[in-house]
Amino acid sequence: MNESMSTPLMAHQKRLIERWFSTSPSKAAMVWPAGAGAIGTLCAMVERLDKNWRTLVIADRQDIVQQFAHRQGTAGVQTCVIDRYTYRALESETGGASSSWNTSRVYALTSAMASQTDIASSLQRQAWDFLILIDTPNSTSKKILEDLSANTKRVLWKLRPGTDPSTLDASIWDIDHLSVRDLMREQGVPEGEGPSVEIRIHESGYSEREYEISSLIEQLVTTTKGTSVERLAASMHTRWLSSPAALENGLRKLESDLRTEWPIWEASVEDVDGVDLPLEKDLTTRGDPALPLQIISNCLLQLDELQFDPKLNNLLEHLRKRDPEQSIAVFVRYRDTGVYLHAALEDEGIPSVLVHGAMPPQEIYSRMDRVLQEQGQVLVMTTAMLVGMDLRRVGEFVLYDAPASKAVMSQLLAKFHMFGRPQLRVTAIADRHTAAKTIELIEDAVQFAA
């Protein structure tokens with residue numbers, strides 16, 4: 001089911017590892033399509049390092065950090081995932097002044113965590129034999145490299161799928177570029193039989209009350225501009241597009257921030273699976289919290305009076321017509337939406353399994369095993385499913401929400417192992433405007449998914 005550490009390495013993986021160990025470049029970069037086994041390659045490299053080497057892994061998203069750490073743990077490589085709690089414990093053990101943490105061979109965290117002032121200072125204070133950057137954007141990677149260059153021996157940067165390798169300076173970076181076509185040739189796939197998808201759209205309309213809620217969200221965003229809750233307020237748009245449950249939870253978090261932190265609003269991190277946003281700093285507060293709090297109250301009242309969810313109804317209608325022996329994967333951006341859908345499917349008597357990022361990896365694998373062993377299951381998942389999952393036996397992929405970026409979409413599609421399978425059916429449940437953007441995102445991402 002999952003991509004086991006015992007899975008034999010493919011030719012391109014072996015080639016990169018041998019090249020890295022034989023030529024010893026100080027800075028190497030890999031530009032591979034999603035599904036090419038980049039995480040497995042990086043883990044295999046770390047396994048072969050001298051046990052005295054200290055490795056720092058900085059990834060763009062939390063689900064990547066979790067995937068890397070889990071695979072290292074499976075291989076017996078001690079890995080410490082750094083969150084705020086773990087960081088405080090590490091600093092406490094060393095008195096906050098030691099040149100190194102000594103609990104693990106490998107330390108892994110998101111770029112958002114690494115950018116926070118105190119954590120960045122601790123990372124700069126230490127010596128690193130090997131720095132791995134995973135899917136971090138150019139600007140973020142440049143800043144990290146500038147900060148850590150003095151105390152880092154070697155760097156390997158795994159760029160996002162679809163990155164143009166010409167954006168890297170070949171005089172500085174040892175570049176390994178692999179295209180989808182290269183993978184096809186390596187695996188003996190005939191020309192013209194590469195990844196392909198069939199896209200279907202189920203459009204959802206809006207009721208008058210839903211338009212009123214959208215208008216209130218717009219007012220909320222306007223009244224919080226220039227404050228440190230601006231980002232959380234802006235996320236209400238995508239929450240509302242996702243589900244009433246996601247919006248309600250977001251509104252209540254925002255309400256809590258406004259009531260407890262005014263007049264100095266503390267930044268709130270958007271609760272999206274796999275996304276760990278950097279905190280805003282040095283933002284000033286404007287106005288009085290009374291107005292946004294009133295807007296939130298009005299919005300919650302409107303949500304309470306909603307009688308019908310056309311988007312959910314479209315999904316249920318689609319699933320009622322499915323082949324009862326075919327398993328289907330349904331992607332959502334917010335775990336609140338996942339819980340909401342899972343409950344609705346249970347009410348309908350549709351067998352379903354929920355996977356989200358608050359679950360430990362072993363529970364995710366256990367639930368996934370059920371999906372892959374039992375026919376006719378509906379898998380409701382967030383980006384937690386990116387943690388080493390193999391969905392090639394799942395017949396259809398439903399986008400209840402579109403992922404936030406082309407890179408995430410490519411990685412989602414890659415989990416269906418698009419080589420050597422029939423055309424993948426992708427169904428999007430969305431309003432007309434969102435549907436058009438989703439189609440464009442799929443068509444762009446599939447070029448970089450194997």
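Biologist: In which helix do Lys143 and Asp147 both lie?

Modeller: Helices (DSSP runs of H or I, at least four residues) and strands (runs of E, at least two) are numbered from the N terminus. Lys143 and Asp147 are four residues apart, about one turn of the helix. Both belong to helix α7 (residues 138-148).

Biologist: What kind of model is this, and what pLDDT do side-chain atom pairs need to count?

Modeller: Residues are numbered from 1 along each chain as its sequence is written, and side-chain values use heavy atoms, with hydrogens and water left out. The model is predicted: totals for chains, interfaces and linings use all residues, local features need pLDDT of at least 70, and side-chain atom pairs count only at pLDDT 80 or more.

Biologist: How far apart are the closest N and O atoms of Lys143 and Asp147?

Modeller: A salt bridge is a side-chain nitrogen of Lys or Arg within 4 Å of a carboxyl oxygen of Asp or Glu. The structure holds 21 of them. Lys143 and Asp147 form a salt bridge, and their closest N and O atoms are separated by 2.6 Å.

Biologist: Is Arg185 buried or exposed?

Modeller: Buried means under 20% relative accessible area, exposed over 50%, and partly exposed in between (1.4 Å probe, protein chains only). Arg185 forms a salt bridge with Asp182, three residues away in helix α8 (residues 180-186). Asp182, at 23%, is partly exposed. Arg185 has 53% relative accessibility, so this residue counts as exposed.

Biologist: How many residues apart in sequence are the parts that Arg19 and Asp174 tie together?

Modeller: Arg19 forms a salt bridge with Asp174, with 3.0 Å between the closest N and O atoms. Arg19 lies in helix α1 (residues 11-23) and Asp174 in strand β7 (residues 174-177), so the pair ties together parts whose separation in sequence is 155 residues.

Biologist: How many residues of strand β2 are buried?

Modeller: Strand β2 covers residues 55-59. Thr55, Val57 and Ala59 point one way from β2, while Leu56 and Ile58 point the other way, and all are buried.

Biologist: Which residue in β4 is the bridge partner of Ala59?

Modeller: Two strands pair if DSSP finds at least two bridges between them. β2 and strand β4 (residues 106-110) pair in the parallel sense over five bridges. In β4, Ala59 has as its bridge partner Thr110.

Biologist: And which residue in β5 is the bridge partner of Ile58?

Modeller: β2 also runs parallel to strand β5 (residues 128-134), joined by five bridges. The partner of Ile58 in β5 is Leu133.

Biologist: What share of the contacts between residues at least 6 apart in sequence join residues at least 24 apart?

Modeller: Contact means heavy atoms within 4.5 Å. Phe397, for instance, touches Ala329 and Phe331, among others. Among contacts in the chain between residues at least 6 apart, the share joining residues at least 24 apart is 80%.

Biologist: How far apart in space are Thr382 and Val355, C-alpha to C-alpha?

Modeller: Thr382 is in the loop between β11 (378-381) and β12 (396-399). At 0% relative accessibility, Thr382 counts as buried. Thr382 and Val355 are 27 residues apart in sequence, and their C-alpha to C-alpha distance is 6.6 Å.

Biologist: What percentage of the 450 residues of the chain count as buried?

Modeller: The chain has 18 helices and 13 strands. Of its 450 residues, the buried ones come to 53%.

Conventions. Lists of a residue's contacts leave out its neighbours within four places in sequence.
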